[in-house]
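Here are some friendly notes to read alongside the structure.

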Amino acid sequence: MIFKQVAEIVGESNCLTEALQSYAVDGIVPKLVVFPENVEQVSALMKLADQERLAVVPRGSGTKMSLGNIPRQVDVVLVLKKLNKILEYEPDDLTATVEAGILLTDLQRCLKEKNQFFPLDPPFSSEATLGGIVATNSNGPGRLFHGSVRDLVVGIRVVHPGGVITRAGGKVVKNVSGYDMNKLYTGSLGTLGIITELSLKLRPLPEVSKTLLLRFSSLSEAARLVLQISTSELLATSLEILDSGAWEIMSRADPSINPGQGVAAPGVTFAARLEGLSENVERQIIQIREWGQQRGTTGAEVLVGDLHDKFWEKIQNHPQTFSVDASNTIRCKASLPASKVEDFFQTVKKIGHSQNLDPVMFSHAGSGIVYIYFGLEAVPTGVDRMSIFSYIIREIRNLSLQFEGSLVIEAAPTELKKKVDVWGPVGDSLKIMKLLKEQFDPHGILNPGRFIEGI
Amino acid sequence: MDKKSLIDELAQIVGVENVFHEPEDLITYQYDAYLSRAMPDFVVFPTTTEQVSKILKVASREKVPFVARGAGTGISGGAIPVKGGIVVALSRMNKILEIDFESRRARVQPGVINLDLSHAMKDKGFHYIPDPASQQSCTIGGNVAENAGGPHCLAYGVTTNHVLGLTVVLPNGEIIHTGGKALDYPGYDLTGLLVGSEGTLGIVTEIIVRIEHRPEAVKTLLASFSSMLDAAKTVSAIIASGTIPAALEMMDKPAIEAVEAFAHAGYPVEAAAVLLIELEGLKDGMDRLAKKIVEICQSHKAIEVKVAQNEQERMQLWKGRKCAAGAIGRICNKYYLHDCVVPRNKLVAVLSEIYQIAEKYQVQVANVFHAGDGNLHPLVPMDMSDRDQVERALRAGDEILKCCIQAGGTLSGEHGIGLEKNELMPLIFNEADLTAMKKVKAVFNPEDLCNPGKIFPTPGRCLEVTQRPR
């Protein structure tokens, strides 16, 4: 019996066999949940799983289990949370090596003591693990200035099906020795191997951080302002646009982020995060405000200290901020050339309105990333909801592709996943991707079916 | 297929004037900037992706090896056709296809010269950031193959951080597209995997890169020290202080002397080391930041800190750094240029050891390098007519590399593995690590026709330094 073999590897106390409903993926309940304590145990588990052809779902805190198509099979959920140590931290080199199961928040707390941070601000800031963040290529508003996962991971350790353990990259910040395998595993959703260790590039904390909020009556002016800034000498860390629905949810949940009611009028909210030397933060606030006034802004707020932190925590954790009821929310992410954000916003609104829906939308506009939230409840019962949403998603996806971008459904009810591919088309490189999957996971035991095109 | 028919078939694809096959035409295509050479059988000059595709279809049908070539400035032998065959010279695919300022992207052919791209955007105040020393002649395609770096990569990242999409002709002639103008396309990050693959996975025929607005203000400082170790400590102190300069370069005494004799950049020849520090960003606060850097230098016993007062003085300071390798080339008949990387908090220890190693083997060593990211470039001068001295220089080089690796470093920071260090790969990667990379190669390049003999150690070869090809 598999349980016995698994228990021999990790110990009985590290196996769960009952009440596994909360580990289900799209409703498919695993037979076993294991909590390995070290890389050797992960390796032994992967050897066993490959021999026995067990479908393995790697997992950190489980914050992104909604991502992906419906799995073909789920046997073992492999939880990495016990691999949670900081293995090396070299403040003078601005690098750290950590185990994959460490919480981002725990790492940040430790780095903060040395006035440093890992410059990544993905959703689920208090629960997400580093391994999960890298495996799902999860990023946040700060990517405009600091880059994304692919820019910040310099080394990786991976356990492959069959149990082989490999390393790639290194601990130094510049490295061209061999293929850059870090990139291959980043965003691969655990379909090529299980990430157990990561070496990261760190940054010093900025001297000053402030937020400038501006309100516009039209989306167009907010979007043009973002482009004006991103194509100028200014150096904003984040440039965001929130539609009126998104702003309403945020300010209702926490009125303190709008202390002077400066952005109370209905319309579109623009937000800039400005960080660095105090002189250049002040100068940027003045300059952006001035540009905003030239574009007819109807209100402004500057957030500092706790309010600044609170505002960005809400933006960073947008799935929690904007999904009032997670199981009844569809969350889509469009990635577009930055110049297309305005057109995209307007057209998606029209598509929504054509079905009497008003999605909540917000954007890391400087980076061309747009999130769209639909509440299932907005469609009256008795109507075929899934048909309506699959129609809308196909329309939005076509639009994204037309703009040379992509659209991924990050969270949706299983019923909808039966009708729409969550990833969308991959194009003419699909064959290479499938061959890579075959090379690294010949028996298809890792997350079968969840990734692109059945991988 | 005989040679004549192959020439005819290639000529049908690119035109007869774009196929070289006479020995006298092939001579310049047997080497790049590495020490080794090998003669190709043909050189072809395609101008379109479709032509590259047709060429590779012929090559794979006839099992002829092929190598892509940009400007031939690579220093690890990436463009050397070790097994002969076809050199696919991309120098005529040199068009900038699109510049989208609003989205901050440019789409270029691989033969575009690095600096030409920045020049094309100068009027709009934009530039392409990665700036390898050879940026006046090297191509973006070559930069992609080698994942090239440069002084300003300290703050902004190397080539891979600036490349977002590729059109690639696979070794079997199939054309694929990876990434694009936007971020986060679904599927595996093949763009990231291809950048730095040294032309062993296919031939890149179009590249989408990030472009950025130039910084508003630049401040360049030159700090000189009476001891190399003080300079190295200063680098660590600057990084640890929470400032990441745009560039942080270091040169030691032999390098300074060579540079001054050649370029008269105004470096103090009595100094044991200089640091060239460049700050970029908004003008506001820049003076305060510069003052902080000056203070760090002074507290680490800098004998002088010069701040460039205008663009001319700034260019003068950079002139010394940029011509350093050339200047050293003037005083010796050949040198071995290394490219190892160490953690930045190990700089002091590793540099001391490098000098000890040089002393032990009685060779000279000059250090000119990207100190800010720990990327060392020890240059070991060699007199090729003195067999014994060459031998000592190579042994010293190997020991330097091993010392860097022991300090937690790596084989190459920006030059690539190529022919130069493929036999040394087992020093940092075990069999399983290399097998994972070979799986990638097997997917893209199963017949090993595409740039054979690079990156991976040759089976059955041992690590003995004297057996390395050169």
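1. A residue is called buried here if 20 or more other C-beta atoms lie within 10 Å of its own, and exposed if 12 or fewer do. Keep in mind that you are looking at a predicted model. With that cut-off, A:I351 counts as buried because 20 other C-beta atoms lie within 10 Å.

2. Where does A:I351 lie? It belongs to helix α13 of chain A. Leaving aside residues up to four places away in sequence, A:I351 touches A:I392, A:E395 and A:I396.

3. Two packed helices are described by the angle between their axes and the distance between the axes. Helix α13 (residues 341-354) and helix α14 (residues 385-402), both of chain A, pack at about 160° with their axes 10 Å apart. An angle over 145 degrees counts as roughly antiparallel, so α13(A) is roughly antiparallel to α14(A). The crossing of α13(A) past α14(A) is right-handed. On the α13(A) side the contact is made by A:F344, A:T347, A:V348, A:I351 and A:G352, and on the α14(A) side by A:I392, A:E395, A:I396 and A:L399. Sorted by class, this contact has six nonpolar, two polar and one charged residues.

4. The crossing of α8(B) past α13(B) is right-handed. From α8(B), the residues B:M228, B:L229, B:A232, B:K233, B:V235 and B:S236 meet B:L347, B:V348, B:L351 and B:S352 of α13(B). The contact of α8(B) with α13(B) has seven nonpolar, two polar and one charged residues.

5. Now to where the chains meet. How many residues does the contact take from each chain? It takes 71 residues from chain A and 75 residues from chain B. On the chain A side, the elements that each supply at least two residues include α6 (149-152), β9 (165-169), α10 (278-294) and α16 (430-440). The largest share of that side, six residues, comes from α16(A). By class, the side of chain A that touches chain B has 28 nonpolar, 28 polar and 15 charged residues.

6. Helix α2 (residues 39-52) of chain A has 14 residues, and its span from first C-alpha to last is 20 Å, close to the 20 Å expected at 1.5 Å a residue. Buried residues in α2(A) are A:Q41, A:V42, A:S43, A:L45, A:M46, A:A49 and A:D50. Just after α2(A), A:R53 takes a positive phi of about 55°.

7. Last, a backbone check. Most residues other than glycine have a negative phi. A:A19 has a positive phi of about 50° although it is not a glycine, and so does A:L189, at about 50°. A:A19 sits in the loop between β1 (15-16) and β2 (32-34) of chain A, while A:L189 is in the loop between α7 and β10 (194-201) of chain A. Are these residues buried or exposed? A:A19 counts as exposed because it has 9 C-beta neighbours inside 10 Å, whereas A:L189 is buried, with 24 other C-beta atoms within 10 Å.

Notes:
Residues are numbered from 1 along each chain as its sequence is written. Chains are lettered from A and ligands numbered from 1 in the order in which they are written. This is a predicted model: local features need pLDDT of at least 70, side-chain atom pairs count only at pLDDT 80 or more; totals for chains, interfaces and linings use all residues. A crossing is left-handed if the near helix is turned anticlockwise from the far one by less than a right angle, and right-handed if clockwise. Helices (H or I, at least four residues) and strands (E, at least two) are DSSP runs, numbered from the N terminus. Two residues are in contact if their C-beta atoms, placed from the backbone, lie within 7 Å. Ala, Val, Leu, Ile, Met, Phe, Trp, Tyr, Cys and Pro count as nonpolar, Asp, Glu, Lys and Arg as charged, and the others, Gly among them, as polar. The expected span of a helix is 1.5 Å times one less than its number of residues. Axes are lines fitted to C-alpha atoms, for helices over the stretch in contact, and angles run from 0 to 180 degrees between N-to-C directions. Angles under 35 degrees count as roughly parallel, over 145 as roughly antiparallel, 65 to 115 as roughly perpendicular and the rest as oblique.
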